[in-house]
Structures are given as structure tokens and as C-alpha cells.
Amino acid sequence: MRVPGGWGEWSARQMAIAVVLLAIFVGVAAVVPVLIQPGHDPAPQATPTPQARSTSTISPTPTTPATPTPTPTPTHTTNPYLVRPAVKARPPHTPPRAVYQEFPSVCAPVRTTTHAPVTGLAPTGTHYDVFGSTATAPAAPGKVPTAASSCLNPGDRSTYWVPSLLQSGRRIEPESFQVLHKGVVRDYTSVQLIPAGLRILAGGTGAAPSSAADSSVTWACTDYDAPAPPKASTCHDGDKLIAWIAAPGCWDGRHLDVPGHRSHLAWASGEGCPASHPVVIPTLLVRVVYPIDVTAPVRISGGDYGFGVVSGWQPKVLRALVRDCINAGEHCGENGTPN
């Protein structure tokens with residue numbers, strides 16, 4: 001087929017090609033002005049990098065962990081007055097009856113001081129007469145003193161003290177001081193050693209009510225026996241004034257001392273010691289002799305009379321005395337041998 005016209009005759013094929021070319025031209029003409037606009041500098045588009053897919057779960061936003069409170073470490077305190085292991089009572093026996101189960105310790109004065117080795121016997125400022133150990137301070141709890149002793153038996157290095165007696169404003173020098181160590185229970189074989197460092201107070205200010213009657217002081221001179229010092233002219237010319245006081249003989253077996261210096265000890269009965277204080281130790285009977293002016297009143301420094309001791313016997317010496325005198329039911333003299 002041919003198409004007539006001024007351009008000559010076109011075949012159908014030529015007409016189809018012409019239409020296609022015209023369409024391409026129109027499309028290009030529409031795009032080129034956009035591409036050549038001033039200031040347009042198209043940047044190449046980066047091909048996005050594929051991201052790896054995570055299969056983990058999403059965690060919450062982390063927070064600063066709280067500092068854990070440390071578990072407190074137990075404080076290991078050592079009580080120097082606590083005996084380890086505890087001393088136990090001896091098994092009971094039924095020994096033959098004995099009149100005596102005792103031995104004495106006789107000591108000379110060492111010094112006078114206003115500082116008692118153990119407080120609680122009398123008010124501050126009280127003057128004390130000290131006997132026994134020549135050391136100015138007791139040994140550490142449970143230790144035997146190494147200082148010399150004013151006692152006739154050098155194995156007794158205990159520190160003993162009582163308030164001073166005064167007459168006309170002057171101190172009376174004690175003439176003699178004796179501590180009788182005695183078994184007062186029926187089973188005298190149950191009596192054990194007084195441990196080194198044991199603190200004992202009897203009488204004086206602050207005595208426990210339960211022990212007041214047992215530890216009360218007795219004063220004596222010729223024709224006089226009473227719980228208070230005699231008035232002037234009560235004793236006869238040439239008399240000595242004698243103070244007697246006892247200390248408890250049952251121990252809890254655990255403590256060399258306690259606050260108040262009293263509750264670790266208790267009083268024995270003829271049958272023995274209470275279950276709370278099962279260990280039987282020698283009961284101390286103290287006798288102090290004073291030369292006095294019978295025409296002048298006697299005054300106690302601090303107001304109350306009492307007795308204190310920090311035990312300091314050498315164990316070997318004390319063991320022999322307890323065994324041969326108290327446990328054997330014997331009376332021993334100042335030399336430590338049975339009479």
C-alpha cells in the first residue's frame with residue numbers, strides 16, 4: 001500500500017516506523033529540560049547495604065546494678081574474764097565427817113592507796129590497806145602474778161585489800177591480816193582450786209541483798225561482839241579491835257569477774273552449792289587485827305567495811321594445800337602442813 005502525498009508515496013511499513021520515531025522524540029524532548037536545569041547536580045544513589053537480620057531478642061535498657069550490701073563480719077570479741085573450757089563440779093562423794101578442812105594465809109601490809117584493784121567496794125576516795133602481792137596492779141585475768149609477796153607462804157601472790165580504819169584523823173596500821181581458806185560444805189572432797197585472777201568482793205557498799213547477811217562484818221574486842229565498830233571506851237585498855245568478814249565459796253565455773261563483781265559467786269550451804277554456781281571453792285574467812293586507842297572513836301574510810309581479793313596463788317602450791325588440808329579434812333597451820 002502506498003500513501004499519496006507531497007513527500008512521495010510511503011509504504012505502510014515506513015508509516016509505522018515514522019510513528020514510533022515521533023513518539024520517541026516527543027518523550028525525549030519532555031525529559032531533557034528537567035535534566036539540564038541550573039544548579040541540579042544529582043548525586044548518585046548509593047545502593048543500600050543489606051543488613052543482617054538479628055535473631056536475638058531485644059534486651060531492656062541496662063541499668064547500673066545496685067551495690068550489694070556486704071554481709072557484716074561477726075566481731076570476735078574475747079572476754080578476758082571468761083574461762084574456757086568451763087570448770088565443772090566434781091562428782092559427789094560421802095567422806096567421813098571432819099571437824100576441820102582449812103588452811104590459813106597470813107600476810108603483812110604492802111601499801112595504802114586510794115585506788116582499789118577492783119572498784120565497787122567503797123566510794124571514790126576511800127583509802128585501802130593492801131596485802132599480799134607487791135605488784136602495783138593485778139596480773140592479767142587468768143595469769144599468776146610474778147611479783148613478790150608479803151604473805152608467809154610465798155606461793156600466795158594474791159592481792160588482798162580492806163578499807164583503812166581511822167582514829168582522830170589518823171590511819172590505824174593493821175597488826176595482822178589472815179585469810180582462812182575453809183571448806184564449809186559436807187562433801188569437803190568437792191572443793192576445788194580458786195582460779196588465778198578470780199575477783200571476789202564481800203561486804204562494803206553495793207553488796208548484793210541476798211549475800212548481805214552472810215558477808216556482814218563482825219567487830220570484836222573483849223566483851224564486845226557487834227556488826228559496827230565500838231564506840232570510845234567500849235573496849236578495855238590493851239584490847240585489840242578485830243574485824244571478821246566472809247566471802248562466798250560457790251563459783252559459776254565460767255567467769256573470773258562480772259559487772260558488779262558479785263553475781264559469778266554465791267554462798268554455800270552445808271549441803272553444797274546451788275546449781276547456778278556448782279563449783280565449790282574455799283570459803284574465805286578474813287580476820288584483821290588493829291591496835292586501837294580505846295578512848296577514841298573508830299571510823300571506816302569510805303563509811304563501809306568490806307574485803308576484796310584478786311586471787312594469785314601459784315597453782316602447784318594451792319593444789320597441794322587444797323588436797324592435803326581441805327580435801328583431806330585436816331587443819332593446816334601457817335606452814336601448810338596438817339597439825
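Biologist: Which residues line the largest cavity?
Modeller: This is a predicted model. It holds three cavities of 30 Å³ or more. The largest cavity has a lining made up of Ser158, Tyr160, His181, Ile194, Ile200, Leu284, Val309, Ser311 and Trp313.

Biologist: What is the volume of the largest cavity?
Modeller: Its lining divides into six nonpolar residues, three polar and no charged. Ser158 and Trp313 are among the lining residues. The volume of the largest cavity is about 40 Å³.

Biologist: Which side chain makes a polar contact of 2.8 Å with the side chain of Ser158?
Modeller: Leaving aside neighbours within four places in sequence, Ser158 touches Phe131, Gly132, Ser133, Val309, Val310, Ser311, Gly312 and Trp313. Val309, Ser311 and Trp313 also line the largest cavity. The side-chain partner in the polar contact of 2.8 Å is Asp156.

Biologist: Which residues lie nearest the centre of the largest pocket?
Modeller: This pocket holds about 190 Å³ of space. Its lining divides into six nonpolar, four polar and four charged residues. Of the 14 lining residues, those nearest the centre are Arg97, Val185, Arg186, Asp187 and Tyr188.

Biologist: Which residues are closest to the centre of the second largest pocket?
Modeller: The second largest pocket has a volume of about 170 Å³. It is lined by 16 residues. By class, they are nine nonpolar, four polar and three charged. Closest to the centre are Asp187, Ser190, Glu271, Gly272 and Val280.

Biologist: How far apart are the C-alpha atoms of Ala98 and Arg186?
Modeller: Ala98 is in the loop between helix H1 (12–35) and strand S3 (102–107). Beyond four places in sequence, Ala98 is in contact with Tyr188 and Gly329. Ala98 and Arg186 are 88 residues apart along the chain. Their C-alpha atoms are separated by 8.8 Å.

Biologist: Why does Ala98 count as partly exposed?
Modeller: Buried means under 20% relative accessible area, and exposed means over 50%. Partly exposed is in between. Ala98 counts as partly exposed because its relative accessibility is 26%.

Biologist: Which bond from Arg84 is cis?
Modeller: Look again at the loop between H1 and S3. Pro85 lies there. The omega in question is near -5°. The cis bond is the peptide bond from Arg84 to Pro85.

Biologist: What is the phi of Asp223?
Modeller: Asp223 lies in the loop between strand S11 (218–221) and strand S12 (224–226). At 71% relative accessibility, Asp223 counts as exposed. Its phi is positive, in a residue other than glycine. The value is near 65°.

Biologist: What is the relative accessible area of Ser233?
Modeller: Ser233 is in the loop between S12 and strand S13 (240–247). Although not a glycine, Ser233 has a positive phi of about 70°. Ser233 is exposed, with a relative accessible area of 56%.

Biologist: Is Ser301 buried or exposed?
Modeller: Ser301 occupies the loop between strand S18 (299–300) and strand S19 (306–310). Apart from neighbours within four places, its contacts are Thr126, His127, Pro163, Ser164 and Leu166. With a relative accessible area of 5%, Ser301 is buried.

Biologist: What share of the contacts with a separation of 6 or more joins residues 24 or more positions apart?
Modeller: The protein chain has three helices and 19 strands. Of its 339 residues, 39% count as buried. For contacts with a separation of 6 or more, the share from residues 24 or more positions apart is 76%.

Biologist: How many contacts beyond four places in sequence does the model have for residues 28–50?
Modeller: The chain has a mean pLDDT of 82, and 74% of its residues reach 70 or more. Over residues 28–50, pLDDT stays under 50.

Methods: Residues numbered from 1 in each chain as written. Predicted model: local features only at pLDDT ≥ 70, side-chain atom pairs only at ≥ 80, totals over all residues. Heavy atoms only, no water. Polar contact = N/O pair within 3.5 Å; in protein donor to acceptor, adjacent residues only side chain to side chain. Contact = heavy atoms within 4.5 Å. Helix = DSSP H or I, 4+ residues; strand = E, 2+ residues; numbered from the N terminus. Buried < 20%, exposed > 50% of the residue type's maximum accessible area, 1.4 Å probe, protein only. 1 Å grid on protein atoms, 1.4 Å probe; cavity = no way out; pocket = protein on both sides within 12 Å on 5 of 7 lines; lining within 4 Å. Points joined across faces, edges and corners; volume = space filled by probe spheres on them. Nonpolar A, V, L, I, M, F, W, Y, C, P; charged D, E, K, R; others polar. pLDDT = per-residue confidence, 0-100.
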